[in-house]
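Okay everyone, thanks for coming. Let me put the structure up on the screen, and then I'll walk you through a few parts of it.

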Amino acid sequence: MNSTAVISSEICYHCGEDCTSEAVHFDDKPFCCTGCKAAYQILDESGLCSYYDLDVNPGINLKNKKHRARFDYLEDDEVIIRISDFWDANKLSLTLYIPNIHCTSCVWLLENLQKLDAGVLQSGVNFLKRELSLLVDTEQTTLRNVVEQLVTIGYEPEIRFDKLDTQTQKSHQNRSLWLKMGVAGFAFGNIMLFSFPDYLDTTGSGLGGNFPIFFGALNIILALPVLLYSSSDYLKSAFAALSQRGVNLDVPISIGIMALFCRSVYEILTMTGTGYMDSFTGLIFFLLIGKLVQQKTFHRLSFDRDYRSYLPIAVNVLNESGEEYSVSLDKLEPNQQIRLRNQELVPCDATLLSEEAFMDYSFITGESEPVAIKKGARIFAGGRLTGNSALLRTEEKVANSYLTKLWNHETFQNNDKELKLTTFADKISPYFTVAVLGIAFFSGLYWLQTAGMEPALSVFTAVLIIACPCALALSTPFTLGSALNVLSLNGLFVKNHLLIENLSKASSIVFDKTGTLTESDSAEVDFFGVELSAQEQTWVKSACKNSIHPLSRKVTYALESSFLYHPKSFEELPGKGIFADVENTLICLGSRSFLASQTGMSSEEIPEPNFSGSVVHLSINGQYRGFFGIKSGIRNGIPDLLHSMKEKFSTYLLSGDNDAQKKEFTKYLGTNGSLLFNKKPEEKLDFITHLQKSGEQVVMVGDGLNDAGALKKSDFGIALADDISSFAPACDAILEGDSLPNLNNFIDFSKASMKIIIASFVLSLLYNTIGLAFAITGHLSPLVAAILMPLSSISVMVFTFVTTRYFARKRGLMIWK
Amino acid sequence: MEVIYMLIGFSLLVALIFLGLFFWAVKTGQFDDQHTPSMRVLFDDKRSTSKKSIHNQKNQDE
């Protein structure tokens, strides 16, 4: 290894990163690291370089791959059977989730996998779901080979514990909706065509001959499948609501549908008119479009994850003779020895057998700094090992571990949060239904007294037809669907459009600290003491670079240096400090006691700083120079966000970490909120329950598994993720880390959306009133109905689309991509 | 005017064929993933490596 490297401004041909440290050249092309070069070589040899033509620098950066997952378990037939869709003789079919899929090139490369491995018979990508479906010939290759090949080119599949025994769910639920819409659209178009002569014929002379009978019969034949198949969901739902003595919006819709159909059939059969079959089929068609909008989901995001999608699928177990073999997690028994490597997760509660290990619990407990664990101490499931590999003895089965206990809490047993969601439309539909029936009845009575039975019935049905709340039914899905799109453009992905209402009602906002307000990777590192020259910074950085301790890594990132030396000697006392000789300069970094023992300084010479955060002392050539103060960095824009929010909401900080940063956050949070530290996951959950009992609508923002209970319990749980396809605990919405400063605008926007719904209600009621005027006076011709009904639906669609975007723009949100 | 009976019959038949095709398309999963096929359209079928390098050359010339 060279001791120095030159900074270059070249851009990696594979992944597009700046080649900041050492650029590797191959084929006259620069690469930022050997990983990228290797990936290029593989593609070049297989003639797959079109990969680079489709998109600019499409590759996945392989430099920062902290660890390489091991796929020993893919040799185990039992595991393969349990994660695959089917496996017979030598054909294996399975679906892999690959979070790294991000562009056209990725799709192209993954669908050309057979050129890399002849054993792959078929490969297909679903881009939105980030899924790769494979058909593998197991006689020619093994699954492990295919997966490892994928890893070398940068597409590491995520195979997690929850994939065991779950057949990949194919999305069939949407298909029947498409079919229903197809049938309704087909009938709508054809009936319109047949009714066209009637539209033009105002004299009432008709076409003559048998045409009215012929067209009438055709209309009934075409409308029947629409009634029986396409509208079946509405009729069923209305029937279910009525049999439970409730009224939802589907009740007035169903009344309208039935009135339309029965009256049309009656008119056609008695040859008294042409009927309203065009309006009927058009109505169903528009309603189904609304339903399709409503069903929009974010396929690549998963909102219902629990610990099983966080843990790996298997671990390496040591048998008596010390040989490693992989065991799937559900087969893991207490009292087995397991070996973990850097960045691997502890699957169940265990005891450490190695001398020392560093565990990163930030995702589980919220502690920001990794913890040093001594031999014999207990390690809790979910911790991530950082640094050297370690040997552990399992204590509990996976299902009985500390981490998994949270999921036994009653909050996770029921899902009534979603069942409780009722739309504004559902709330007013009882009144609406009563009003419509009342108007229909009284106007019918009036006509009965003045003109007789026939016109009375005709007016009665006309009122039911025209008051059918089609536009009302569309206003909620279209407004919220539109709001959902706007929010997702701005980085907030909401699970269900009805949940936006919960967000709009927010009164308390609860934040987690570690990973939410602070960013785990970025840290604020300041040096206090005698200022370091550029030369000295280089020496310190060169020394720190060799250490794996998280604090020295942060110091390394903070120091500016264009090149690095290779230390002559380097010693690290784990958890204490490092001692290195760089270019004949003695660098000593670490705790007070370590510096005292290494350099022979008396402990008076080293101050005990009053600093909220971690401290690393530095001495150069035995001379004390000062200390690095390390605070986990607060995300950009957070102070402004908290400042603007504390006026309107009660804001709380709920952290599992110690209170080192308490002072700092006190000034950001409102006087009616509070800061709570050292909270266990259950305590967080209880705190949310407590707030809700005092009548608050709670929005919880968190990121880790320790927030899982609180996120689930809160009225609107937002999981923050820097990489939205990475693991996020069960929640109502996933928010991109960079978009957190916009939270205030999101809440304002959701409030505006609620107002838009009411405005579009008024708009559609306006159409209903105009229609009613026609109906009561007995002038509702099929032509008026055919114009008025689609017009009201379309204008509600346009109105909601335009206004949601207008309000989003006013709040400074993106409305276009 | 009696020809209209036949014409309507034919037009319905054609419409029914399209409805049938729509059913087939939905049933074979063509509406399940509406995004990836739009990306696949961009792929050229370049089988041999030599062709590819010529293509690259052309790109650079442009």
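Let's start with a pair of strands in chain A: E9, residues 337-340, and E15, residues 390-394, run antiparallel to each other and share four bridges. Quick word on names: helices (H or I, at least four residues) and strands (E, at least two) are DSSP runs, numbered from the N terminus. Two strands pair if DSSP finds at least two bridges between them. Within this pair, A:Ile338 sits opposite A:Leu392 of E15(A).

Before I go on, some housekeeping. This is a predicted model, where local features need pLDDT of at least 70 and side-chain atom pairs count only at pLDDT 80 or more, while totals for chains, interfaces and linings use all residues. Residues are numbered from 1 along each chain as its sequence is written, chains are lettered from A and ligands numbered from 1 in the order in which they are written, and side-chain values use heavy atoms, leaving out hydrogens and water.

Back to the strands. That pair belongs to an open, antiparallel sheet of six strands in chain A, ordered E8-E7-E9-E15-E10-E13. E8 (324-328) and E13 (378-379) of chain A are at the edges with a single partner strand each, so one side of each has no neighbour in the sheet.

Chain A has another open sheet, this one with seven strands and mixed pairing: E16-E28-E27-E26-E17-E24-E25. Here the edges are E16 (492-494) and E25 (674-676) of chain A; each has a single partner strand, so one side of each is left without a neighbour in the sheet. Inside it, E17 (508-511) and E26 (698-702) of chain A pair in parallel over four bridges, with A:Met700 in E26(A) as the bridge partner of A:Val510.

Now, where do the chains meet? In contact terms (heavy atoms within 4.5 Å), 31 residues of chain A touch 30 residues of chain B. Which residues form the salt bridge, meaning a side-chain nitrogen of Lys or Arg within 4 Å of a carboxyl oxygen of Asp or Glu? The side chains are those of A:Glu111 and B:Arg40, at 2.6 Å, N to O. And on the chain A side that touches chain B, H7(A) gives the largest share, eight residues.

Last stop: helix H27 of chain A, residues 782-810. Its 29 residues reach 42 Å from first C-alpha to last, close to the 42 Å expected, which is 1.5 Å times one less than the number of residues. After H27(A) comes A:Gly812, with a positive phi near 75°.

Conventions. Contact = heavy atoms within 4.5 Å.
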